[in-house]
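Subject: Structure for you to look at, with notes

Dear colleague,

Here is the structure I promised to hand over. Please open it beside the notes that follow, which go from the whole chain to single residues.

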Amino acid sequence: LTLRLDKASLDLGGRGTLAGAPVQLNLHEVFAGGTRLKATATVDDAARRRLGYDLAPYLTGPVDVDVDLQGRRSRSTITARADLSKASLAVSEAGWRKPAGVAARAQAAVTLADGELSAIDDFSLTAPGASIEGKATVDPATGAWRRIDARRLRLGARTDLAFQLTRGGDGDLHVDARGAALDLAPVIEAREAETEGEPRPDAAKAADHGPPIAVIADIGRGW
């Protein structure tokens, strides 16, 4: 790393590692102003596990990440872009998969307040046969998401809709989905395959499968 320091500012640049992943970074800080940090890294499965973001089996393989942070500690923004071309993506519940070597990308714009996650102002993912774009609000005390607003979700050959997913104070979920089409056939088939030959669960055991979910839907066509 190379450091340049004077009475007004600090510059730090060079290469290092984060959770075992190689990182190239450039930091410029004006003491009377704000901070600008730009970093690039290739993050693989092992690095994501060390960072506490193990996304398997939905995401496996290396991801090239470009991060740009600007602002002060009281309020700053992060723009992150990810090249997912070398990675494999899969939503087996919906019967969709992108193999490694097929182009895909994701990006997000995030706001931090006093160093803590405040909002995900915009996010998107684009891959063959799947895309989503939207935003999310979070609980500033815990960083846990409160509401996800997806302006458009396209998945597989048929699903095309928008939705709002809200988490209540007791962990219950509220879904409001509206759009042209929703294909639940792969989800139902996967669930039937998982439970084939198993005894029918009683109400108490069924409650252990997750929080209560309330759904409002206005869908043009469903499968």
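Of the 223 residues of the chain, 24% count as buried, where buried means under 20% relative accessible area, exposed means over 50%, and partly exposed covers what lies in between (1.4 Å probe, protein chains only). Please keep in mind that this is a predicted model, in which local features need pLDDT of at least 70 and side-chain atom pairs count only at pLDDT 80 or more, while totals for chains, interfaces and linings use all residues. Residues are numbered from 1 along each chain as its sequence is written, and side-chain values use heavy atoms, with hydrogens and water left out.

The whole chain

The chain has 3 helices and 16 strands; these are DSSP runs numbered from the N terminus, helices being H or I with at least four residues and strands being E with at least two. Along its principal axes the C-alpha trace spans about 70 × 40 × 35 Å. If we take contacts (heavy atoms within 4.5 Å) between residues at least 6 apart in sequence, 35% of them join residues at least 24 apart.

The accessible surface of the chain comes to about 14200 Å², and carbon and sulfur atoms account for 55% of that surface; areas come from the Shrake-Rupley method with a 1.4 Å probe, and for residues only the protein chains shown count as cover. As for charge, there are 29 positive and 31 negative side chains, and the centres of the two sets lie 6 Å apart. Here Lys and Arg count as positive and Asp and Glu as negative, without His and the chain ends, and each charge is placed at NZ of Lys, CZ of Arg, CG of Asp or CD of Glu.

Salt bridges

Side chains of opposite charge can pair when their charged atoms come close. A salt bridge is taken here as a side-chain nitrogen of Lys or Arg within 4 Å of a carboxyl oxygen of Asp or Glu, and by this rule the count comes to 14 salt bridges. One of them joins Arg4 to Asp11, with the closest N and O atoms 2.3 Å apart, and Arg4, Asp6 and Asp11 are linked in a network of such bridges. Arg4 is partly exposed, at a relative accessible area of 40%.

Another pair is Arg154 and Asp160, where the closest N and O atoms are 4.0 Å apart. In this pair Arg154 counts as partly exposed because its relative accessibility is 42%, whereas Asp160 is buried at 17%. Arg178 and Asp176 also meet through their side chains, at 2.9 Å from N to O; Arg178 is partly exposed at 42%, and Asp176 is likewise partly exposed, at 22%.

A surface patch and a buried alanine

Leu18, Leu51, Tyr53 and Leu55 form a nonpolar patch on the surface, with about 410 Å² of accessible area together. Patches are built from residues with over 30% relative accessible area and no salt bridge, like charges being joined within 9 Å and nonpolar side chains (Val, Leu, Ile, Met, Phe, Trp, Tyr) within 5 Å. Tyr53 sits in the loop between α1 (45-51) and β5 (59-60), and counts as exposed because its relative accessibility is 57%.

Which residues does Ala119 touch, not counting those up to four places away in sequence? They are Ala109, Val110, Thr111, Ala136 and Val138. Ala119 belongs to strand β11 (residues 116-127) and is buried, with a relative accessible area of 16%. Its C-alpha atom is separated by 21 Å from that of Ser131, 12 residues apart along the chain.

Loops and backbone

The loop between α1 and β5 also holds Pro57, and the peptide bond from Ala56 to Pro57 is cis, with omega near 5 degrees. Ala19, in the loop between β2 (9-18) and β3 (21-30), has phi near 55 degrees, a positive value in a residue other than glycine. Asp114 also has a positive phi, near 55 degrees; Asp114 lies in the loop between β10 (105-113) and β11 and is partly exposed at 47%.

Finally, Asp170 lies in the loop between β14 (159-167) and β15 (173-182) and is exposed, with a relative accessible area of 78%. Asp170 and Pro211 are 41 residues apart in sequence and 8.7 Å apart in space, C-alpha to C-alpha.
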